[in-house]
Amino acid sequence: MQSTERKPPAPKPDRTTLIASGGLTLAKWSAALVVIAAAALVIGWIIEKMWVIVLPVALAIVVATMLWPPTRGMMKRGVPPAAAAGLTLFLFFAILGGIIAGIVPSVVAQAPELANKTTDGINKVLDWVQGPPVNLKDEQLENATQVVIDKVQESGATIASGVFTGVSTAGSLLVMIGLVLVLVFFFIKDGPRFIPWVHAVGGGRAGRHLEEVLIRMWNTLGGFIRTQALVSFIDAFFIGLGLVILGVPLAPVLAILTFIGGFIPIVGAFVAGALAVLVALVANGLTTAIIVLVIIIAVQQLEGNVLQPVLQSRSMHLHAVVVLLAVTAGASLFGIVGAFLAVPVAAVAAVVLRYVGEQIDERSAAPEEPETAEEETPALPPGPAAAEPGPA
């Protein structure tokens, strides 16, 4: 017969003890957050000072993730690593050079006509705002125009200052591009040796964690970049096809800008689409511009609702708010390059956070199971209903 006695409840702490415990916990978390914020500032300061090195390495890693699959395929077929890496780079530049050589003649041929149509369009807009129902005066137009010109000049000076500062810091743009190419060559040539080296340097336990995190980061980054390239290519193909059918000038250039803009989610697609609509409006009129806008919205809806969920796995998925905040922060801190690298950095950071969460879940104690009703209810003496049934 089980005991029906219950343990007396534990005495509750007084109010002073609870306030002191809560204040101590709050102080500990506040100090931890201050230390984390200070560490983030120090890391940001180091990155800013070492930007000349960080930028080529980051760009080289992004390019290497795209060029690694063909290099790996050639290595598996017996091609030496150096020859495979060199051949991959050669093919990459051959394709890139062919695209540039294909669009330059169209730009040279259509740019003067587009400039003339732009001037005519601006004159029509000025004539419209001077007539009813707007009825702007010449003085108001001159003031507004001067404000726009001053703003553009200030922005141009700021952009030029940033560009020349970066160029002077790096030595020259050509030197940085050359450094990126050299790094890409060695990354895709000697990449498989890097992980074992990190494991050996980190030791047994730390090396195992470093190896696992780096492998996940590389796979995530590679899958993300290649998926974005495929999605951007599909967007550029259909939008460019629509521009060609509608006879919009500079359609190949706009398609390439759409492809490049696809690597800067949300912001890049918006800017490239707005530019295509603007060119269509200036060159072909309002009706064509509206059709182009409908095509761009339809293609981007197809991308967001079908292509992205199908082509990207859940491990690489980032919420739209996270993507937008990452792009905004990257653009504000490091300009266009920061906007380009923001999403890959966010994807890699998400991999690290997921791995840390997995390790915490493995080491955390399982939650205690609540007491069942049977344990709380006193046991009853056995009766006829509780007797074990006999054989029939």
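A cavity is a set of points, on a 1 Å grid over the protein atoms alone, where a 1.4 Å probe fits but cannot get out, and lining residues have an atom within 4 Å of a point. A volume is the space filled by probe spheres set on the points, which are joined across faces, edges and corners. The structure described here is a predicted model, in which local features need pLDDT of at least 70 and side-chain atom pairs count only at pLDDT 80 or more, while totals for chains, interfaces and linings use all residues. Residues are numbered from 1 along each chain as its sequence is written, and side-chain values use heavy atoms, with hydrogens and water left out.

The protein chain holds eleven helices and zero strands. Helices (H or I, at least four residues) and strands (E, at least two) are DSSP runs, numbered from the N terminus. Of the 392 residues of the chain, 26% count as buried; this term means under 20% relative accessible area, whereas exposed means over 50% and partly exposed lies in between (1.4 Å probe, protein chains only). A contact is defined by heavy atoms within 4.5 Å. Among contacts between residues at least 6 apart in sequence, 70% join residues at least 24 apart.

Empty space was examined next. Rolling a probe the size of a water molecule over the atoms shows where such space is left. The count comes to one cavity of 30 Å³ or more, and the largest cavity has a volume of about 70 Å³. The lining of this cavity includes D235 and I239, together with T258, G261, G262, A269, A272, G273, I296, Q300 and E303. At least two of the lining residues are supplied by each of α6, α7, α8 (267-284) and α9 (286-311). By type, the lining of the largest cavity divides into four nonpolar, five polar and two charged residues. In this grouping Ala, Val, Leu, Ile, Met, Phe, Trp, Tyr, Cys and Pro count as nonpolar, Asp, Glu, Lys and Arg as charged, and the others, Gly among them, as polar.

A pocket, in contrast to a cavity, is an open set of points with protein on both sides within 12 Å along at least five of seven lines. The second largest pocket has a volume of about 1500 Å³. Its lining is made up of 39 residues, and A58, I61, M217, V345 and V348 lie nearest the centre. Two or more lining residues come from each of α1 (15-49), α2 (51-76), α5 (173-202), α6 (204-246) and α10 (320-363). The largest share, 14 residues, is given by α10. The lining of the second largest pocket contains 32 nonpolar, five polar and two charged residues.

A nonpolar core is a set of buried Ala, Val, Leu, Ile, Met, Phe, Trp, Tyr and Cys residues joined through side-chain atoms within 4.5 Å. The largest such core has 33 residues, and those with the most contacts inside it are V184, I188, I225, L318, V327 and V343. The elements giving two or more residues to this core are α2, α3 (81-130), α5, α6 and α10, with α10 giving the most, eleven residues. Leaving aside neighbours within four places in sequence, L318 is in contact with V323, V343, A346, A347 and A350. A second, separate core of 13 residues includes I239, L254, A280 and V299.

Two individual residues were also examined. T65 lies in helix α2 and is buried, with a relative accessible area of 1%. Not counting residues up to four places away in sequence, T65 touches W218, L221, G222, I225 and R226. L250 lies in the loop between α6 and α7 (251-261). Phi of L250 is near 60°, a positive value in a residue other than glycine, and L250 is buried, with a relative accessible area of 13%.

The structure holds five aromatic pairs. Rings of Phe, Tyr and Trp (its six-membered ring) pair if their centres lie within 6.5 Å; planes under 30 degrees apart count as stacked, over 60 as edge-to-face and the rest as tilted. F233 and F237 form a stacked pair, at 6.4 Å centre to centre with 25° between the planes. Being four residues apart in helix α6, F233 and F237 are separated by about one helical turn. F233 is partly exposed, with a relative accessible area of 49%, and F237 is partly exposed at 48%. The ring centres of F237 and F238 are 5.3 Å apart and the planes stand at 80°, so this pair is edge-to-face. F238 is partly exposed as well, with a relative accessible area of 41%.
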